[in-house]
Each structure stands twice: as C-alpha cells, then as structure tokens.
Amino acid sequence: MDVSRFAGARLLEAAAGAPAADNNISIGWLSANLDSVAAVLHALRNTQGAQILDAADRHRSDIVLAVAEVIDDAFVDELTALADAATRPHQRIVLVSGRLQRRYLPRLFRAGVVCVLAHQDATPRRVIRAIFACARGEAVLPGQLTRWLLDEVRFGQRDVLASQDLAPGGLTPREVEVLKYIAEGDETSEVATKLNYSERTIKKILQDMLVRLRLHNRAHAVSYALRVGAI
C-alpha cells in the first residue's frame with residue numbers, strides 16, 4: 001500500500017498530546033462486528049505498551065480503532081458523537097474501512113481520524129504499527145487521500161484569498177501592479193506615471209506592503225512576489 005505522512009493542524013495537536021514513550025497507550029475500539037476486530041485486539045493485548053479498554057470506555061482512550069466495511073452517514077455520525085464525548089483532548093482515530101467516498105472525508109478528519117487503512121491491507125501487525133504511529137503524532141494515509149488533502153488546502157487558500165480580493169501571498173492587486181513595474185526596473189516616479197498615481201501614493205503602497213508582510217526592502221518584495229507566483 002502506498003502510505004504517506006501528512007503534516008497539518010490535526011497532526012500537530014496529536015503530537016502535542018501524544019503519550020510519553022514509557023507510558024501505555026490506551027486503546028478503545030468501535031465496530032459493529034466484534035469478529036472484525038478480534039484478531040487485532042488479541043494481538044494488542046500481547047503488545048507491550050498497549051492497554052485495551054472496554055468498548056464502553058472508548059471515550060477516555062488515547063486512540064480509538066474504528067472498523068467498518070462500509071462508511072455511511074450513520075457510521076460517520078457515530079464517529080462524530082465519539083469525538084464529542086471524548087474526555088481525552090487529543091484522542092485520535094485509526095480507521096480501517098472499505099472504499100471511502102470523498103464526500104465523507106472532511107467529516108472524518110474533523111472527528112479525529114488521522115490514520116486510514118484499507119481492509120485488504122489491515123493485518124494485525126499493520127494496524128498496530130498505525131496505532132503506535134498515531135500515538136506518536138504521525139499519520140498513516142493512502143497516497144490518494146494525502147493528495148486530496150493537499151488539494152483541499154491549496155484550493156481553500158485560493159478561495160479565501162479571492163474572497164478578500166488578494167493575490168497569492170496576500171498581496172493586493174494594486175501591490176502586484178506596482179511590483180511588476182519595480183521588477184522591470186522602473187523607478188517610483190515611472191511607476192506612478194504608468195499607473196496614474198502620485199509618487200507619494202506609490203511610496204505608501206510599497207511601505208504598507210513591506211510592513212504588513214515583514215519584507216526588508218523592494219528587492220525582497222519582488223523576490224517574495226515571484227516566489228509565491230503573484231508576478
């Protein structure tokens with residue numbers, strides 16, 4: 001299975017609340033079919049550093065092993081309710097499932113899922129490795145899900161910038177215009193003439209931008225705009 005690590009807000013929170021290496025990891029479980037988790041639970045009971053909780057106590061576990069052959073609205077609602085009831089602020093979920101529909105992914109991640117394994121790949125050994133990786137603040141995700149997350153971040157950032165009338169990197173359209181001419185070697189007076197602004201206005205645009213984005217000078221601003229793809 002193609003497995004990738006994804007670093008994001010959830011993972012930083014998980015790392016901050018991960019149990020110390022010499023402490024037991026408390027593990028709860030959620031499955032409509034006990035047989036589907038029996039082999040993994042048996043292996044975990046014989047694994048040093050793992051403490052298996054009863055199903056009724058999963059709300060206070062560090063990690064929840066959730067197993068479902070089909071991910072539907074009812075199951076996602078159950079995971080959401082589990083997250084709401086959790087008494088461990090950094091509780092995370094290792095999900096073993098059949099094929100995932102993309103529309104469920106945002107809700108699953110919000111519920112605390114940071115590790116996903118396909119049923120056909122979920123041997124007890126791989127599940128245990130995923131649980132301990134999750135407890136260390138890591139994530140185990142198929143490559144396709146990692147790509148989806150990256151696309152969501154990229155398109156979400158673009159939409160937020162567009163809604164605020166900002167170009168990439170947080171530059172305003174007017175700042176981009178000014179920097180394009182600066183990048184071509186124009187002086188402040190020449191930029192003012194081309195954009196039909198006063199020279200004082202151009203200087204203020206540049207100064208406000210430098211302060212807001214914590215840039216050192218005009219050359220740094222041009223370099224920044226090129227790097228973020230604004231010009």
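## Confidence in the model

pLDDT is the predictor's confidence in each residue, on a scale from 0 to 100. Averaged over the chain, the pLDDT is 80, and 81% of the residues reach at least 70.

Looking at the elements of the chain, strand 4 (residues 63–68) has the highest mean pLDDT, at 93. At the other end of the scale sits strand 1 (residues 3–4), whose mean of 32 is the lowest among the elements. The pLDDT stays below 50 over residues 1–22, a stretch that has 43 contacts in the model beyond near neighbours in sequence. A word of caution applies: where pLDDT is low, the predicted coordinates should not be read in detail.

## Helix 9 and its partners

Two packed helices are described by the angle between their axes and the distance between the axes. Let us begin with helix 7 (residues 173–183) and helix 9 (residues 199–213), which pack at an angle of about 110° with their axes 10 Å apart. Angles of 65 to 115 degrees count as roughly perpendicular, so helix 7 and helix 9 are roughly perpendicular to each other. On the helix 7 side, R174, E175, V178 and L179 take part in the contact. Helix 9 meets them with T201, I202, I205, L206, M209 and R212. Sorted by class, this contact of helix 7 with helix 9 has 6 nonpolar, 1 polar and 3 charged residues.

Helix 9 also packs with helix 8 (residues 188–195), at an angle of about 105° and with the axes 8 Å apart. Helix 8 and helix 9 are therefore roughly perpendicular to each other. Here T188, S189, V191, A192 and L195 of helix 8 meet E199, I202 and K203 of helix 9. By class, the contact of helix 8 with helix 9 has 4 nonpolar, 2 polar and 2 charged residues.

## The largest pocket

If you are curious about open space, the largest pocket has a volume of about 400 Å³. It is lined by 14 residues, of which R99, L100, P142, Q144 and L145 are the closest to its centre.

Strand 6 (113–118) and helix 6 (143–163) each supply at least two residues of the lining. By class, the lining of the largest pocket has 8 nonpolar, 4 polar and 2 charged residues.

Technical notes
Residues numbered from 1 in each chain as written. Predicted model: local features only at pLDDT ≥ 70, side-chain atom pairs only at ≥ 80, totals over all residues. Heavy atoms only, no water. Axes fitted to C-alpha atoms, helices over the stretch in contact; angles between N-to-C directions. Helix = DSSP H or I, 4+ residues; strand = E, 2+ residues; numbered from the N terminus. Parallel < 35°, antiparallel > 145°, perpendicular 65-115°, else oblique. Contact = heavy atoms within 4.5 Å. Nonpolar A, V, L, I, M, F, W, Y, C, P; charged D, E, K, R; others polar. 1 Å grid on protein atoms, 1.4 Å probe; cavity = no way out; pocket = protein on both sides within 12 Å on 5 of 7 lines; lining within 4 Å. Points joined across faces, edges and corners; volume = space filled by probe spheres on them.
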